[in-house]
Amino acid sequence: MIEIRNLVKCYGDIQAVNDITFTVQKGEILGFLGPNGAGKTTTMNILTGFLSATSGSVTINGYDILENPQMAKRCIGYLPENPPLYLDMTVIEFLKFVSELKGVVKEDRIKQLAEIMKLVRITDVANRLIKNLSKGYRQRVGIAQALVGNPEVLVLDEPTVGLDPKQIIEIRNLIKELGKRHTVILSSHILPEVQAICERVVIINKGKIAAEDTPEGLSRKMAKTSRVQLSAEGPVRDVIQKLRVLPGIRNAELFQEKENGINIFEIENDPDQDVRKQIFFEMARNSWPIIEMKSMDPTLEEIFLQVTGTSQQGRKG
């Protein structure tokens with residue numbers, strides 16, 4: 001669906017993007033991450049046709065963004081960090097205007113816009129001026145304009161910036177829904193959000209790809225061992241003894257004693273092995289109730305900091 005090959009972008013002597021190559025499969029939600037000045041925004045501007053590359057290629061659904069820009073751009077819906085909204089228009093006036101710009105067939109416009117407004121939940125504000133809408137509703141209008149023309153690819157740059165927690169959850173759920181119908185590239189500084197939404201992550205740093213995998217795959221790669229924290233009832237010594245002999249488990253220790261006979265155990269296991277199922281069956285076999293079990297592997301935020309180190313200043317993004 002999207003193929004980026006050996007992409008390079010120079011500003012004079014500064015190489016903002018340095019030989020980047022990656023692909024995005026049809027129907028995939030990809031998280032595209034990087035610190036300020038890493039080359040992330042430059043890459044997204046090239047991908048959407050706002051900038052030309054110094055060298056390399058970007059192909060959208062088989063169309064080269066440089067050689068066949070009109071067809072390539074028809075496949076893309078773009079939400080920049082600051083949505084380009086006309087504040088003195090009503091929502092429906094603005095979306096009709098976008099439909100005309102994108103060349104949507106006149107007979108299809110009303111039906112398509114009604115479907116889009118229903119999907120992003122802005123039907124109730126269709127006749128309100130955009131300048132009178134809340135930040136959350138404006139962001140929804142921005143997503144709606146990206147959906148006009150039914151593009152196969154959505155590029156969303158910081159779609160939840162400036163929103164309150166409730167609005168963030170609503171937009172996050174909307175992106176998940178959009179991912180069922182579109183290929184999505186999501187850029188965000190809210191890393192738990194990326195971890196919750198994206199199937200795969202590309203991290204860029206200093207103009208180069210620093211890491212690329214699923215969030216779970218990155219976690220396994222970055223951790224020399226994996227850890228599981230278990231809250232359960234049962235005699236401490238017996239629980240530890242049983243856990244330590246399970247395949248893939250390197251060690252088990254008491255982490256904390258709590259009231260009511262509940263103890264917290266910390267279990268260290270091989271990074272390429274998920275031991276939670278066998279822990280469950282072993283505890284059930286001995287009639288020791290599990291209260292909670294969770295992975296203690298590195299979060300995407302910890303991986304991001306480890307991969308990128310300190311953010312670079314004074315570089316074009």
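S12 and strand S13 (residues 262–269) are antiparallel partners joined over 7 bridges; two strands count as paired if DSSP finds at least two bridges between them. Helices (H or I, at least four residues) and strands (E, at least two) are DSSP runs, numbered from the N terminus. Within this pair, Leu 254 has Phe 265 in S13 as its bridge partner. Helix H9 (residues 236–244) packs on the sheet and touches strand S11 (226–233), S12 and S13, its direction making about 160° with that of S12. Contact here means heavy atoms within 4.5 Å, while axes are lines fitted to C-alpha atoms, for helices over the stretch in contact, with angles from 0 to 180 degrees between N-to-C directions.

The open sheet has 4 strands in the order S12-S13-S11-S14, with antiparallel pairing. Strand S12 (249–257) and strand S14 (290–295) are at the edges with a single partner strand each, so one side of each has no neighbour in the sheet. From one strand to the next, the twist averages 20°. Helix H10 (residues 276–285) lies across S11, S12, S13 and S14, at about 165° to S14.

## How to read the model

This is a predicted model, in which local features need pLDDT of at least 70 and side-chain atom pairs count only at pLDDT 80 or more, while totals for chains, interfaces and linings use all residues. Residues are numbered from 1 along each chain as its sequence is written, and side-chain values use heavy atoms, leaving out hydrogens and water.

Strand S1 (residues 2–11) pairs with strand S4 (residues 55–60) in the antiparallel sense over 5 bridges, and Glu 3 stands opposite Thr 59 in S4. S1 is also joined to strand S2 (residues 14–24) by 8 bridges, again antiparallel. S1 and S2 form a hairpin with 2 residues between them, and Gly 12 in the turn has a positive phi of about 65°.

## Salt bridges

How many salt bridges does the structure hold? There are 12, each a side-chain nitrogen of Lys or Arg within 4 Å of a carboxyl oxygen of Asp or Glu. One of them joins Arg 5 to Glu 3, with the closest N and O atoms 2.7 Å apart.

Lys 166 forms another with Glu 170, also at 2.7 Å between the closest N and O atoms. These two are 4 residues apart in helix H6 (residues 165–178), so about one helical turn separates them.
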